2 protein chains.
Amino acid sequence: MNILDALPHIKSSSNPEDLVCYGFDACGIEGVPAAVMWPETTEHVAQIMKYAQENGISVVPRGAGTGMSGGAVPLKGSVVLSMEKMNRILELEKGNLTVLVEPGIINGRLQREVEDHGLFYPPDPASMNFCTIGGNVAENAGGPRALKYGVTKDYVMEIEAVLPGGDIINVGVKTYKGVVGYDLVRLLVGSEGTLAVATKIRLKLLPLPEDVLALLCLFTDLEASGKAVSQIISSRIIPRTLEFMDREAIKAVEKFQPLGLPDDVEALLLIEVDGHTETIKKEAGKVADICMKLGADVRMAEDDAARNRLWECRRKVSPALYHISPRKMGEDIVVPRNRIPQMLTSLRRLSEDTGIKIVNFGHAGDGNIHVNLMIDRSNEEEYRKADAIVREIFKLTLGLGGTISGEHGVGITKAPYIGMEIKKRELDLMKGIKNLFDPKGILNPGKIFP
Amino acid sequence: MNILDALPHIKSSSNPEDLVCYGFDACGIEGVPAAVMWPETTEHVAQIMKYAQENGISVVPRGAGTGMSGGAVPLKGSVVLSMEKMNRILELEKGNLTVLVEPGIINGRLQREVEDHGLFYPPDPASMNFCTIGGNVAENAGGPRALKYGVTKDYVMEIEAVLPGGDIINVGVKTYKGVVGYDLVRLLVGSEGTLAVATKIRLKLLPLPEDVLALLCLFTDLEASGKAVSQIISSRIIPRTLEFMDREAIKAVEKFQPLGLPDDVEALLLIEVDGHTETIKKEAGKVADICMKLGADVRMAEDDAARNRLWECRRKVSPALYHISPRKMGEDIVVPRNRIPQMLTSLRRLSEDTGIKIVNFGHAGDGNIHVNLMIDRSNEEEYRKADAIVREIFKLTLGLGGTISGEHGVGITKAPYIGMEIKKRELDLMKGIKNLFDPKGILNPGKIFP
């Protein structure tokens, strides 16, 4: 008897069209699951995990499949556990500034719902209108606002989760403070669905900032844009976002959908400050001063419509790059923010030396650069060349005190490189933890560890 | 050969007076170590941990011994590893807003040093002028400013640590973002020295807020003070501190060192807002309005001297209570902040029913109440009675969705109660992690787990 027949009350499918739809994520790797199951309660998840462990069936938890490293891509024979039907807001505690949700809720929907109450859930991955909170928790997702507000892990207070075998655990507390036992919440956050399946998540909320101001700063000198980032932070202003695009990224957007940016721009910064209206006017003024002194052309958005127009350029980067190279390779490195100019210079040299076009954009404020190798991955020679370049990029990144993934996770695509960053002893501890939670290795196998 | 003879180049002592001095912490439990060792380098710590594991010697890492739950109290025969000589600031990166320190540095010294550069390390345990960052990391220490700024775990980016056996590990990243592998940093933070010995710690810093304003709000009605807390947060103001003292705590301070507070005060709130000068004036005005409408007498401090005078009352609570009952029992519960009035009412009833005086103060903003049973622990009958009350308090706390320790940790004193909060399956996972890091059980044995 297979798992679908054994648990007939849980919605499931093994239709080929469903298997295709649930076989890939945004990184482009395609797998084929044996089946897809749509649990609607914690009890359903527990039943699936119990049966799976007893019968040696691999299970791959999945949010919206917007991940960038293959975390939700099923290995052959796996059952995909789609959490999309468990998508409710269970409890919004306005007085305590917390919200309890099911993992399948879309990030953007949660944001809008809490904003209606004057509250704020800061983590804003680029895919926020599609991706789920469960997926965000699995990957410890970031986003532009991470600079000021941190990433998903900074907002998760409590998790109800199901272990392989079906045991239901509750970790964390519903209060801001709590120091009883080891921090299993943050062990689960970012574990990429390899330790347990989250079924309820309590998130911390903040008061919604009174106002936001956005500035677009166009630089004709790459170095100057890097200096601007350092000087803004050194002047003790923490913008809520400090986004960066290089010349190639700007050119790609202009080609895809012209926004009328000048031809000679080498880099742009899109900067938002938020808070009380009077304060941010002052802060935006200081930021504009810093950028203008470094030679930038600065445009300020005074209202939401103008702010959206400024963001248009930044939001179009990813679609524009996919339009040019549908099978490009996208990396997600982070360097200490004062090392960004150095990293960008090295990337430019690498591109010139190899003849592979490299396009960079990302979250300059926290040093997180999305490095795009504009190749065709299905072309074997280009792929091999690109793999060597990726290794070189990671070496440079680590040499500057950085990390090979800031917000996309390890999944399948970064697993071969994890040993470049994590030493054997530390990796062994991680594997030991994996083994403790999942002794039979049925939960999201083939991820993180090479 | 004993460990002192085996490692003669590491400063150590087995003089009885040293053994006494390094045998207790602030919770009042006294142990007697076999020896005290003062490593000065990571290599020293590694040598000690290697020898200790090979020879089955228990090791108890210790900061300043200001802990409140016995985490640094050595069981008989243990060697105390005093980290006080490893107390340097190794690297202050102003541009990246990070600082790398050794674990023995005093929290207050670090605060002052970074403030000289216009930077800010928010976690401020009451013992900040004595306690060490290493101890703060071990206990995941909080403090009054946790309401707005979070606790120690929110600031630890990277840890170099030594495992039992002597292996040196590096966990975390020096960048704000990083999602490569499981979060071992937050597993170590709050693990109370049971998993590894931290030898270097990189902390995140913030820009120092421009200004701070303090308000003292005196209530003649306990319920009203609880309402004030809820209304302030609901009005979307997050003060940096929102401290609370009940009638008995105020009376204790007045008796210890009169500050001239009115007799009929049932509760006081000490509230600080920080940020840009114009903004916080407005916020302080709103807070004052809320409290006055609820019948409070409000005093505002306009400068640092006045602010210090307001804090005097709050700072004197702990010494005043020790003065009255040197062998009192202090608890550290947290309830969701809107449940504080309910909790305080229950505590008052419990006090009346049992005849044991209960004094409460703490961090109302995050629901963290320090509940003090004014007994003499050395009186066996009083102790037994108090133990029953503590169980009742924990039951009430957990019933309201709270936790039995907000910032003091489990250590020895809370270990018998941990099963009230953490279920067996979760506790088994924690024990599994302990066993993975410390298979011989030599590192800080007898802590956390009952």
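Predicted model: local features only at pLDDT ≥ 70, side-chain atom pairs only at ≥ 80, totals over all residues.
Start where the chains meet. On chain A, 82 residues are in contact with chain B, and chain B answers with 82 residues of its own. The size of an interface is often given as the accessible area lost when the parts come together. Here chain A and chain B bury about 6800 Å² between them. Carbon and sulfur atoms account for 62% of that area.

The rule finds 25 residue pairs in polar contact between chain A and chain B, both partners at pLDDT 80 or more. Several elements of chain A give two or more residues to the side that touches chain B. The helices among them are α6 (146-149), α7 (184-188), α8 (222-234), α10 (277-293), α15 (418-421) and α16 (424-437). Strand β9 (168-172) of chain A is on that list as well. The most comes from α16(A), with nine residues. By residue type, the side of chain A that touches chain B divides into 34 nonpolar, 27 polar and 21 charged.

Now look at the charged pairs. Over all chains, the structure holds 61 salt bridges. Between chain A and chain B the count is eight. One of these pairs is Arg425(B) with Asp167(A), whose closest N and O atoms are 2.6 Å apart.

Another salt bridge joins Asp366(B) and Lys177(A), at 3.6 Å from N to O. This pair crosses between chains. Asp366(B) is in the loop between β18 (358-363) and β19 (368-373) of chain B. Lys177(A) is in the loop between β9 and α7 of chain A. Both Asp366(B) and Lys177(A) are buried.

Turn to Lys177(B). Its salt-bridge partner is Asp366(A), and the closest N and O atoms are 3.6 Å apart. This pair, too, crosses between chains. Lys177(B) is in the loop between β9 (168-172) and α7 (184-188) of chain B. Asp366(A) is in the loop between β18 (358-363) and β19 (368-373) of chain A. Are these two residues buried or exposed? Lys177(B) counts as buried because its relative accessibility is 2%, and buried means under 20%. Asp366(A) has 3% relative accessibility, so Asp366(A) counts as buried by that cut-off.

Next, move to a salt bridge within chain A. The side chains of Glu272(A) and Arg307(A) meet at 2.6 Å, N to O. This pair links distant parts of the chain, 35 residues apart. Glu272(A) is in strand β14 (residues 267-275), while Arg307(A) is in helix α11 (residues 304-315). Glu272(A) is buried, with a relative accessible area of 2%. Arg307(A), at 16% relative accessibility, also counts as buried. Glu272(A) and Arg307(A) belong to a network of salt bridges.

Helix α11 (residues 304-315) and helix α12 (residues 317-324) of chain B pack at an angle of about 35°. Their axes are 5 Å apart. From α11(B), the contact uses Cys313(B), Arg314(B) and Arg315(B). From α12(B), it uses Val317(B), Ser318(B) and Pro319(B). These contact residues divide into three nonpolar, one polar and two charged.

Ser13(B) is in strand β1 (residues 11-13) of chain B. Ser13(B) counts as buried, at 7% relative accessibility. A polar contact of 2.5 Å joins its side chain to that of Asp18(B). Not counting residues up to four places away in sequence, Ser13(B) touches Leu4(B), Asp18(B), Leu19(B), Ala35(B), Val36(B) and Trp38(B).

The second residue is Glu331(B), in the loop between β16 (329-330) and β17 (333-334) of chain B. Glu331(B) counts as buried, at 4% relative accessibility. Which side chain does the side chain of Glu331(B) meet in a polar contact? The partner is Lys414(B), at 3.1 Å. Beyond residues up to four places away in sequence, Glu331(B) touches Ile369(B), His370(B), Val371(B), Val390(B), Phe394(B) and Lys414(B).

Methods:
Residues numbered from 1 in each chain as written. Chains lettered and ligands numbered in written order. Heavy atoms only, no water. Contact = heavy atoms within 4.5 Å. Buried area = accessible area lost by both parts, 1.4 Å probe. Salt bridge = Lys/Arg side-chain N within 4 Å of Asp/Glu carboxyl O. Polar contact = N/O pair within 3.5 Å; in protein donor to acceptor, adjacent residues only side chain to side chain. Helix = DSSP H or I, 4+ residues; strand = E, 2+ residues; numbered from the N terminus. Nonpolar A, V, L, I, M, F, W, Y, C, P; charged D, E, K, R; others polar. Axes fitted to C-alpha atoms, helices over the stretch in contact; angles between N-to-C directions. Buried < 20%, exposed > 50% of the residue type's maximum accessible area, 1.4 Å probe, protein only.
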